[in-house]
Amino acid sequence: LTAMEEAGMDPNLSSPDSPAQQDSLFSMTDVFLISLITGLLTYWLFFRKKKEEVPVLPKIQTVAAPVRDSSFIEKMKKTGRNIVVFYGSQTGTAEEFANRLSKDAHRYGLRGMAADPEEYDLSDLSRLSEIDKSLAVFCMATYGEGDPTDNAQDFYDWLQEADADLSGLRFAVFGLGNKTYEHFNAMGKYVDKRLEELGAQRIFELGLGDDDGNLEEDFITWREQFWPAVCEHFGVEATGEESSIRQYELVVHTDVNMNKVYTGEMGRLKSYENQKPPFDAKNPYLAKVTENRKLNSGGERHLMHLELDISNSKIRYESGDHVAVYPANDSSLVNQIGEILGTDLDTVMSLNNLDEESNKKHPFPCPTSYRTALTYYLDITNPPRTNVLYELAQYTTDPGEQERLRKMASSAAEGKALYLSWVVEPRRNILAILQDMPSLRPPIDHLCELLPRLQARYYSIASSSKVHPNAVHICAVTVEYQTKTGRLNKGVATNWLKSKVPDQDGSNSLVPMYVRKSQFRLPFKPSTPVIMIGPGTGVAPFIGFIQERAWLKEQGKEVGETVLYYGCRHEREDYLYREELAHFQQEGVLTQLHVAFSRDQAEKVYVQHLLKKNKENVWKLVNEGMAHIYVCGDARNMARDVQNVFYEIVSEFGNMSQPQAVDYVKKLMTKGRYSLDVWS
């Protein structure tokens, strides 16, 4: 190379025809060519090898990946079951009923299993006739405005699209609903109707449970007629009395690694210490409470505004969505249960399913301590259902107390009346029952098996993510009341939230939460007028709506009329977000604000009275302005009364008969122009 450079600098120094120079050039060319060929060959071989490996790798991974058996038919055959009870459950009640029905089956020489439709391929229903004396039962709850529960969504979608032949399928449906809602038991009714349309044979009539009345009694009444119908259909008889069968066995851990013990997590062990998105019901986010202020200036109630920090969580929400929070039971109630039962609550244990084939290995995350189970996993404040009383009866030493428990758990009219008067109406929870029945001392592990799971509580989000992208706001009122027995009952979640006061390190103000999407949405066009009706804490989503309309206005968008009908008891005591609403009105975003103070005068005034007072303006906005109507709050009275006022307004100004006016409002609902976010 140096010789070439030198030659290039002065060509007269050597002739290109010189033999020495030729030898030098050839040797260098050889080196160059050999290097080039070697490099190309290496590259080609390497490239070809990579190409060959690409299709192989996924195959290896696919083979190694665990394959979940989603066929409930194969599972039933393998375990000798002939009755499957599917549940669509949002709060755990439908799952509880499904478990009770599956346990009943053994009394008739049959074997049942409860099943989550989310875990199986429901198209296999067409194959159920392969099993002798087979039956599918569906315990289906209706959520929100006639919607399926989260775990039944896929089943609902399949039913809508399916053209399967289910002529060999025998079925029965029990629906769980609430009559205060517009679409009472919509899911139960739909499943019952659709299965028949697909050729399935109904062996017992649809049961309609009403949570606004007495859901437990509705279920017992349906159940006591359902089993005789099953017996008649299959030609079987009851094998004996109902007996207590444990579903789980207790294992006490004396020498356990505490890093492997659950301390309140909903799913993955240590998920609260090592948080990983996405966050949902099985993996909630621990949000810090950055603000917790009292909203009302007087009165006996405590109304509060909380702000949860969701920075860095990747949680996204829209105005109108719900935030779910997992509360904890009052430690004093937990301690009292431990004292009455003479238990060391810090004992670490597991409850393991005796049915090894079951997908549900434990009733709650295990291993854990009794204290953790009673604090974070079990519902100890609601009155227990009759099946719990029946199972507990065996642990009484007083014959009178045992008889009372058995009677309340029976289907006799006298027993139902006693359950209603002694448990439901005085709101006796498990602690109160243990206190009032001194001879009742069940083993704590069986009590933990029987109690239902503590459920997440949902709140309408009181903020807009356009204005508060890193925070979720909650507006709530603490629940506290005296029972007929003189006890003070406190709402689990609201009193727990009340105690979540921001502190410096945030350790005492953490709230496990996730966001649940809702259909309660602002119109697509900001120029569309909105009429919002939300008394009390029902104003929550509308604070978010108004914040968003204000933000849109700031962005230069044309924003339509924004009308709010709000109500509270006293102007000087519980007028929530008074300053914020006044500010929005001053800015011209909130174009109309109508407030009803129900108890500031002799005659009570509610939001529906103000709607009637402004009926002409309301009709103009709805009829000419194509306004969207939103109602949030109490379903039992307020929402129904408001809807009746709209029937009157439509009838009067639209020149329609009552049935026509009802149909008009129903069509508004179908088009998404009349939305409800209500609770009972």
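Rings of Phe, Tyr and Trp (its six-membered ring) are taken as a pair if their centres lie within 6.5 Å; planes under 30 degrees apart count as stacked, over 60 as edge-to-face and the rest as tilted. The model is predicted, so local features need pLDDT of at least 70 and side-chain atom pairs pLDDT 80 or more, while totals for chains, interfaces and linings use all residues. Residues are numbered from 1 along each chain as its sequence is written, and side-chain values use heavy atoms, without hydrogens and water.

**View 1. Tyrosine 108 and tryptophan 227.** This pair is one of 28 aromatic pairs found in the whole structure. The two rings are stacked because their centres are 4.8 Å apart and their planes at 15 degrees. Tyrosine 108 lies in the loop between helix H5 (93-104) and strand S2 (112-115), and tryptophan 227 in helix H8 (residues 215-234), 119 residues apart. Helices (H or I, at least four residues) and strands (E, at least two) are DSSP runs, numbered from the N terminus. Tyrosine 108 is buried, at 9% relative accessible area; tryptophan 227 is also buried, at 3%. Buried means under 20% relative accessible area, exposed over 50%, partly exposed in between (1.4 Å probe, protein chains only).

**View 2. Phenylalanine 138 and phenylalanine 155.** These rings are stacked, 5.5 Å centre to centre with 5 degrees between the planes. The pair links strand S3 (residues 135-143), which holds phenylalanine 138, to helix H6 (residues 153-161), which holds phenylalanine 155.

**View 3. An aromatic cluster.** Ring pairs join Phe97, Tyr108, Phe174, Phe204, Phe219, Trp222, Phe226 and Trp227 into a cluster.
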